[in-house]
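Hi,

Here is the structure I said I'd pass on. Have a look, and my notes follow below.

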Amino acid sequence: MIRSCINIVVDKITRGYQSLEGVESEPKEGRNTKMTDKVMENNRVAIIGEVVSDFEFSHEVFGEGFYMLEVSVNRLSNQPDIIPLMVSERLVDVTKDYKGQIIEVNGQFRSYNRHEGSRNRLVLSIFVREWEILEDGTDSGKTNQIYLEGYICKPPIYRKTPLGREIADLLVAVNRPYGKSDYIPCIAWGRNARYAANFEVGGKIVIWGRVQSREYIKKTEETEGEKRIAYEVSVSKLDYEMED
């Protein structure tokens, strides 16, 4: 299924932004910069929240270290979402302790596959591009916004809760520059769920919503389970079109 998603995304990039070979071979100006900016605009996240963890080293790319950090963002119900951030050591002093501070960040919701034994696990985090410490005690429940433009990766899963609430689970492929893509789980509710239930693989979708965390139990043996946290986009508004 991921392979079919990749084929869909590559096809859309090729048709929408001309050839990938031409984009990658040009210098970082002109058409290349415009294409990159346009692709980056299709995945935008802004949150304000309280830092609740220390920095933890994740990986290094060409000498640049990246670290994970967790932020608590309150919903309107005051229930907190614990959201992971991916932060460059060149953006923030990762040797400092920021726990308890309120920060505002802007970036992109990204994914990658982590190999766990014989299986792959989709790991999501907000890749931080802008970081600001708020000194005025801004309410961290006021901001948790995400905007995505992408393509349906697999048939939506429509269901009802025991109380009759309608839900649709979506997997959306969102383009990055140079042929890469992020695969973002999204959940729609009520009339949006009914609408999304008939979306077709390959259809273009635009989503407005918020990033949320959800605990679940992953069964490891018949009598045991492991508590995990899933991250997804809770959809508040969406648009859809099926392209030829």
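Predicted model: local features only at pLDDT ≥ 70, side-chain atom pairs only at ≥ 80, totals over all residues.

I've built my notes around β3, which covers residues 64-74. Of its 11 residues, 8 are buried, so the strand is largely enclosed by the rest of the structure.

Here is how the pairing goes:

- β1 (residues 43-51) runs antiparallel to β3, with 2 bridges between them.
- β2 also pairs with β3 in the antiparallel sense, over 5 bridges; H59 sits opposite F66 of β3 there.
- β4 and β3 are antiparallel too, joined over 9 bridges, and V71 has I83 in β4 as its bridge partner.

Now for the turns. β2 (56-61) and β3 make a hairpin with 2 residues between them. F62 lies in that loop, and its phi is positive, about 50 degrees, even though F62 is not a glycine. Is F62 buried or exposed? It counts as exposed, because its relative accessibility is 84%.

The hairpin of β3 and β4 has 5 residues between the strands. N78 has 59% relative accessibility, so it counts as exposed.

Cheers

Notes. Residues numbered from 1 in each chain as written. Heavy atoms only, no water. Helix = DSSP H or I, 4+ residues; strand = E, 2+ residues; numbered from the N terminus. Buried < 20%, exposed > 50% of the residue type's maximum accessible area, 1.4 Å probe, protein only. Pairing = 2+ DSSP bridges.
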